[in-house]
Amino acid sequence: MLAGDWRRPRKGQVPTVPAEHGLVLESADEGFCGAVVTWDRSTVTLEDRKGRRRVFDLAPAAFLVDGAPVTVVRPAAAPATGRPRSASGSIAVRDLRSRVARESRIYVEGVHDAELVERVWGHDLRVEGVVVEYLEGVDHLPEVVEEFGPGPERRLGVLVDHLVPGSKESRIAERAASPHVLVVGHPFVDVWAAVKPSAVGIASWPEVPRGVPWKEGVLDALGWRMEPGDAWRRILDSVRTYADLEPELLGRVEELIDFVTVPQPAGD
């Protein structure tokens, strides 16, 4: 009768508990006990009394509450009040039909950048008919701009990672800029770090020593035993709205959208 895990009752016998900030849970497998600080589509982050944080999968009967097994799930979305908002905070357009794409474009450095922009600003971009493409690196940006052929009705906005004074990226951006090309950037080494640590369930993004690939260094410091692609899916799943992103990225993307959608004055 006592064979098996007594803390894992049969399916249907375990109550479901929605995650909420401050809810105290104990991991049924590892005994780690802490309060809920954040969650995403598939995980929940607990913080114990010493400030240590651990991330756990939202698996059936994975936690104990007052010694009894429970299945923790994401809480249901709160009922909408007033006019619905998109993930970027703009007023959502009901029954949206994507506008025919403009000739103007926004370029970003890589796939992760494009996916993050789509997650937060996708609705807005479809309303405006703006297509986002990726560069696969910034080294050849001047050649890409020349091939694109920007003009008054064909404007190009470019988002660059780690655009800080004196960097290689800043020198390339200066060569590519023109009245019809706007190159802006954020200070982060990688767009991962533009996601607020609190959204991901970590205290901060680790400092990675020089000479160590940044993503691999981050995964090692955080103890995430996964490939960078799997880590990115976890990070992206934690982003629900603009509030989960750092302002250094928010302002730059909004600036690019304005640049490629606001008509230029006559005579430009």
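1. The axes of helices H1 and H7 come within 12 Å and cross at roughly 20°. Angles under 35 degrees count as roughly parallel, and H1 and H7 are therefore roughly parallel to each other. Their crossing is right-handed. The model is a predicted one, which applies to every point in this note.

2. On the H1 side, the residues that meet H7 are Leu-116, Val-117, Trp-121, Leu-125 and Glu-128. Their partners in H7 are Leu-249, Leu-250, Val-253, Glu-254, Ile-257 and Thr-261. Sorted by class, this contact has eight nonpolar, one polar and two charged residues.

3. The largest nonpolar core has 40 residues. Leu-116, Trp-121, Trp-192, Trp-205 and Leu-245 have the most contacts inside it. At least two core residues each come from strands E8 (105-108) and E11 (181-185), and from helices H1 (111-128), H4 (197-200), H5 (214-222), H6 (228-237) and H7 (247-261). The largest share, seven residues, is supplied by H7. In soluble globular proteins, nonpolar side chains tend to be buried together.

4. Trp-192 deserves a separate look. Apart from neighbours within four places in sequence, Trp-192 is in contact with His-112, Trp-205, Trp-214, Lys-215, Val-218, Leu-219, Pro-228, Ala-231, Trp-232 and Ile-235.

5. In H5, the buried residues are Trp-214, Gly-217, Val-218 and Leu-219. H6 is included in what covers them. Trp-214, Val-218 and Leu-219 are also among the contacts of Trp-192. Just after H5, Gly-223 takes a positive phi of about 75°.

6. Thr-45 is found in strand E4, residues 43-47. Is Thr-45 buried or exposed? Its relative accessible area is 2%, and buried means under 20%, so Thr-45 is buried. Leaving aside neighbours within four places in sequence, Thr-45 is in contact with Ala-35, Val-36, Val-37, Thr-38, Arg-53, Arg-54, Val-55, Val-200 and Gly-201.

7. Val-17 lies in strand E1, residues 16-18. Beyond its neighbours within four places in sequence, Val-17 is in contact with Leu-23, Val-70, Thr-71, Val-72 and Val-73. Val-17 and Phe-63 are 46 residues apart along the chain, and their C-alpha atoms are separated by 9.9 Å.

Notes. Residues are numbered from 1 along each chain as its sequence is written. This is a predicted model: local features need pLDDT of at least 70, side-chain atom pairs count only at pLDDT 80 or more; totals for chains, interfaces and linings use all residues. Side-chain values use heavy atoms; hydrogens and water are left out. A nonpolar core is a set of buried Ala, Val, Leu, Ile, Met, Phe, Trp, Tyr and Cys residues joined through side-chain atoms within 4.5 Å. Buried means under 20% relative accessible area, exposed over 50%, partly exposed in between (1.4 Å probe, protein chains only). Helices (H or I, at least four residues) and strands (E, at least two) are DSSP runs, numbered from the N terminus. Contact means heavy atoms within 4.5 Å. Axes are lines fitted to C-alpha atoms, for helices over the stretch in contact, and angles run from 0 to 180 degrees between N-to-C directions. Angles under 35 degrees count as roughly parallel, over 145 as roughly antiparallel, 65 to 115 as roughly perpendicular and the rest as oblique. A crossing is left-handed if the near helix is turned anticlockwise from the far one by less than a right angle, and right-handed if clockwise. Ala, Val, Leu, Ile, Met, Phe, Trp, Tyr, Cys and Pro count as nonpolar, Asp, Glu, Lys and Arg as charged, and the others, Gly among them, as polar.
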